[in-house]
Amino acid sequence: MSSLSKGLRKVQVTLKWDPSPIGASAHDLDIVAATYTADAPHGTPAYLVHFASRSPDGTITLDRDSRTGQGFGADEVMTLELERLATAYARVVVGVVIQQRNAEKSFSDIPNTGVRILDGPVELASDDFSGVPDASAATIAEFTRDDDGAWQLRPVLRGFSADPAEFAALMGTPPA
């Protein structure tokens with residue numbers, strides 16, 4: 001990267017899926033972001049952003065939250081204003097988790113899933129979770145700050161068999 005590049009500044013993560021059949025329990029997927037400091041880039045996040053929350057400084061927000069997958073286009077949208085994150089933060093991991101309310105579900109149980117990472121109109125990455133069909137949660141992206149302070153994206157599909165609380169604790173761990 002040249003020293004003139006500012007890296008990623010503001011990105012959106014969008015998530016879509018089809019609703020469950022009439023009479024079945026709703027499919028509820030959630031985008032989750034975990035933020036890590038430069039001195040503790042793995043393990044317990046400094047903070048999480050998910051439904052009904054946002055980052056303390058307002059740089060990561062969940063703009064749209066669906067509990068059913070009904071509607072057109074993206075069912076959930078998260079905005080990450082990476083350029084505004086304090087320099088203490090060096091890593092943000094984004095994932096998707098399935099709420100396990102009435103029955104255990106995995107990505108193979110939910111039709112037409114799709115996640116996209118966008119920088120304005122430019123698609124940086126996309127996936128459909130077919131690589132982790134038996135997982136109930138998955139990381140999808142890792143944003144890291146380089147030595148010059150520019151943010152970079154590394155798409156990373158990594159599946160977990162975990163409920164939302166377990167996933168929050170596991171999503172930032174390095175692969176074994």
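This short talk goes through the salt bridges in the structure above.

First, the basis. This is a predicted model, in which local features need pLDDT of at least 70, side-chain atom pairs count only at pLDDT 80 or more, and totals for chains, interfaces and linings use all residues. Residues are numbered from 1 along each chain as its sequence is written, and side-chain values use heavy atoms, with hydrogens and water left out.

Side chains of opposite charge can pair when their charged atoms come close. I count a salt bridge when a side-chain nitrogen of Lys or Arg is within 4 Å of a carboxyl oxygen of Asp or Glu. The structure holds five of them, and I will take some in turn.

Glu 81 pairs with Arg 84, with 3.2 Å between the closest N and O atoms. For burial, the cut-offs are under 20% relative accessible area for buried, over 50% for exposed, and partly exposed in between, using a 1.4 Å probe and protein chains only. Glu 81 is buried at 18%, while Arg 84 is partly exposed at 43%.

Next, Arg 91 and Glu 142. Their closest N and O atoms are 2.5 Å apart. Arg 91 sits in strand 6 (residues 89-98) and Glu 142 in strand 9 (residues 137-145), so this pair ties together parts that are 51 residues apart in sequence. Strands here are DSSP runs of E, at least two residues, numbered from the N terminus. Both Arg 91 and Glu 142 are buried.

Arg 116 bridges to Glu 123 at 2.7 Å between the closest N and O atoms. Arg 116 is partly exposed at 36%, and Glu 123 is partly exposed at 39%.

Lastly, shared partners: salt bridges link Arg 91, Glu 142 and Arg 154 into one network.

Conventions. Helix = DSSP H or I, 4+ residues; strand = E, 2+ residues; numbered from the N terminus.
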